[in-house]
Amino acid sequence: MKLMAVDYGDARTGVAMSDVRALLASPYDVIKETYLPKLVDKLAAIIKKEKPGKVVIGLPRNMDGTYGYRCDECKALGEALGKKCNIEIVYQDERLTTVMAHNVLSDNNVRGKKRKETVDAVSAVMILQSYLDKCSN
């Protein structure tokens with residue numbers, strides 16, 4: 001079953017998709033939308049096209065494990081998307097995924113505008129891959 005991951009951000013939202021065997025996550029897209037209803041519509045279009053079995057949404061917890069202020073917004077996105085698409089939504093801890101994504105892009109010499117355009121999709125990959133790894137163990 002293919003899975004989709006979402007890294008919900010203030011300005012950009014990263015999307016990643018797994019292969020049909022749910023072993024490997026890959027970047028899919030970065031959506032530049034700040035208005036929640038329009039973002040849900042754009043994500044719903046991807047779900048309709050790609051037909052994932054579930055959506056994994058990154059949950060931005062604090063380093064001590066408590067929920068950060070953005071957790072409520074991420075859960076609101078999940079609820080809206082689940083209702084609109086009738087799809088299972090799960091949440092995955094996303095602590096440090098953006099930092100790790102920046103490190104991966106630095107290691108691959110991706111800089112400037114290209115980095116800004118891809119970091120959110122790479123973060124979504126990290127969220128999805130950590131979920132896939134957790135489920136396989």
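Okay, let's start on one face of helix 2: Asp72, Glu79 and Lys83 are exposed there, exposed being over 50% relative accessible area, buried under 20%, and partly exposed in between, with a 1.4 Å probe and protein chains only. Quick caveat: this is a predicted model, where local features need pLDDT of at least 70, side-chain atom pairs count only at pLDDT 80 or more, and totals for chains, interfaces and linings use all residues. Residues are numbered from 1 along each chain as its sequence is written, and side-chain values use heavy atoms, with hydrogens and water left out.

So what's buried in helix 2? Arg70, Cys71, Cys74, Leu77, Gly78, Leu81 and Gly82. Covering them are elements including strand 1 (3-7), helix 1 (36-50), strand 4 (54-59) and strand 5 (88-93). Helices here are DSSP runs of H or I, at least four residues, and strands are E runs of at least two, numbered from the N terminus.

Now over to helix 4 (residues 112-136), where we find Gln129. Buried or exposed? Gln129 is buried, at 19% relative accessible area. Which residues does Gln129 touch, leaving aside neighbours within four places in sequence? Leu23, Leu24 and Ala25, contact meaning heavy atoms within 4.5 Å. The Gln129 side chain reaches the backbone nitrogen of Ala25 at 2.9 Å, and one of its polar atoms lies 3.2 Å from the backbone oxygen of Leu23.

Note on methods. Polar contact = N/O pair within 3.5 Å; in protein donor to acceptor, adjacent residues only side chain to side chain.
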